[in-house]
Amino acid sequence: MNHQSRSRRSRRPNRARTLLLALAGVAAAALAAGCTTSATPAGSAAASGTRVRVVAAENFWGSLAGQLGGDRVTVRNIIDSPSADPHDYEPTAADARAMAGAQLAIVNGIGYDAWAGKLVSANPSERRTVLTVGDVVGVQPGGNPHRWYSPGDVRAVVDRITADYQQIDPTHAGFYTRQHDKVVDTNLKQYFALVGQIKAAYGGTPVGASESIFTPLAEATGLDLRTPASFLNAISEGSDPTAADKQTIDRQISGRQIKVYVYNAQNATPDVRAQVRAAKANGIPVATVTETLTPAGASFQQWQVAQLRSLLSALHQGTGK
């Protein structure tokens, strides 16, 4: 799927529902046949010498889960390509088999990956722990689902993943504690430092954005996001923004009321592309973010640090500070 032209409105709901029912049957048959996706009782990973099987709906959470589990876990990311859209992904039979055999399932929730929640429900297992990010950070459906752009929420999810590993595999609880400290104090050190650096140097700077994916990061860095929230949400949800919102943004750009414009390169609608062109024409620096790990194979911190450095450079250029 080409993200440059995609729409996020719900697609083919009947087909999706039928597919999930079929996938539940596939997974049940696989388990009955005793194939490699059969579940291992929680806590038995250490005794059997096997690794904890983790399935993450999206690769940004899967990257952190892999680092926190080290060589004690195996992680399968369902959304693992920059060209896949988490909003309307249609799971495969292989996804269902993996979910059926997972000891830890990580889904974002908050209406972002409804297909993942349905996949969990379609393949019930008392031996599986389900980590729903929205529940961990206290954001209900209808709220902003892009919690991986909130450093505070990232830290909360890191803590919960470690706690879940220690419950599933208590024999290696100490190992998971050491991995947690390594991830927080070393792997994510530059990521947290850059967020603090931007806040200290550019807090209060007026900026614009294409959609609500940037909102949690703007809040964490203290940037003054001037784009109407209704426009940000419309682009995120694939609905049509209002003419009034577009006129407001046009005035902000032509009047240079914002110092930087940030857009999601994986969801550049015609309206967004027009704003990017206008920003550049008016000498406003443009920075990009993406929905999932970019480039493919990057770690969470490699991806985020590259974006934060780009934002830092744009703020320096836009403000002269």
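**Close-up views of a predicted model**

**View 1. The crossing of helices α9 and α14 is left-handed.** The model shown in this and the following views is predicted. The contact between the two helices involves Q190, Y191, L194, V195, Q197, I198 and Y202 on the α9 side. On the α14 side it involves F300, Q304, V305, L308, R309, L311, L312, L315, H316 and T319. Of the residues in this contact, eleven are nonpolar, five are polar and one is charged.

**View 2. Helices α9 and α14 pack with their axes 9 Å apart.** Two packed helices are described by the angle between their axes and by the distance between those axes. Helix α9 spans residues 189-202 and helix α14 spans residues 300-319. The angle at which they pack is about 15 degrees. Because angles under 35 degrees count as roughly parallel, α9 is described as roughly parallel to α14.

**View 3. A cis peptide bond links T294 to P295.** Most peptide bonds are trans. The bond from T294 to P295, in contrast, is cis, and its omega lies near 0 degrees. P295 belongs to the loop that runs between strand β8 (286-289) and helix α14.

**View 4. I110 has a positive phi although it is not a glycine.** Most residues other than glycine have a negative phi. For I110 the value is about 60 degrees. This residue lies in the loop between β3 (104-107) and α5 (114-122). The relative accessible area of I110 is 8%, and I110 is therefore classed as buried, the cut-off being under 20%.

**View 5. R256 also has a positive phi without being a glycine.** Here phi is about 50 degrees. R256 is placed in the loop between α12 (243-254) and β7 (260-264). Is R256 buried, partly exposed or exposed? With a relative accessibility of 42%, R256 counts as partly exposed, because this value falls between the limits of 20% and 50%.

**View 6. The side chain of D153 makes a polar contact with the side chain of R147.** The distance of this polar contact is 2.7 Å. D153 is located in helix α7, which comprises residues 151-168. With a relative accessible area of 13%, D153 is buried. When residues up to four places away in sequence are not counted, D153 touches V137 and R147.

Notes: Residues are numbered from 1 along each chain as its sequence is written. This is a predicted model: local features need pLDDT of at least 70, side-chain atom pairs count only at pLDDT 80 or more; totals for chains, interfaces and linings use all residues. Side-chain values use heavy atoms; hydrogens and water are left out. Axes are lines fitted to C-alpha atoms, for helices over the stretch in contact, and angles run from 0 to 180 degrees between N-to-C directions. Helices (H or I, at least four residues) and strands (E, at least two) are DSSP runs, numbered from the N terminus. Angles under 35 degrees count as roughly parallel, over 145 as roughly antiparallel, 65 to 115 as roughly perpendicular and the rest as oblique. A crossing is left-handed if the near helix is turned anticlockwise from the far one by less than a right angle, and right-handed if clockwise. Contact means heavy atoms within 4.5 Å. Ala, Val, Leu, Ile, Met, Phe, Trp, Tyr, Cys and Pro count as nonpolar, Asp, Glu, Lys and Arg as charged, and the others, Gly among them, as polar. Buried means under 20% relative accessible area, exposed over 50%, partly exposed in between (1.4 Å probe, protein chains only). A polar contact is a pair of N or O atoms within 3.5 Å; within protein, one must be able to donate a hydrogen and the other to accept it, and residues adjacent in sequence count only if both atoms are side-chain atoms.
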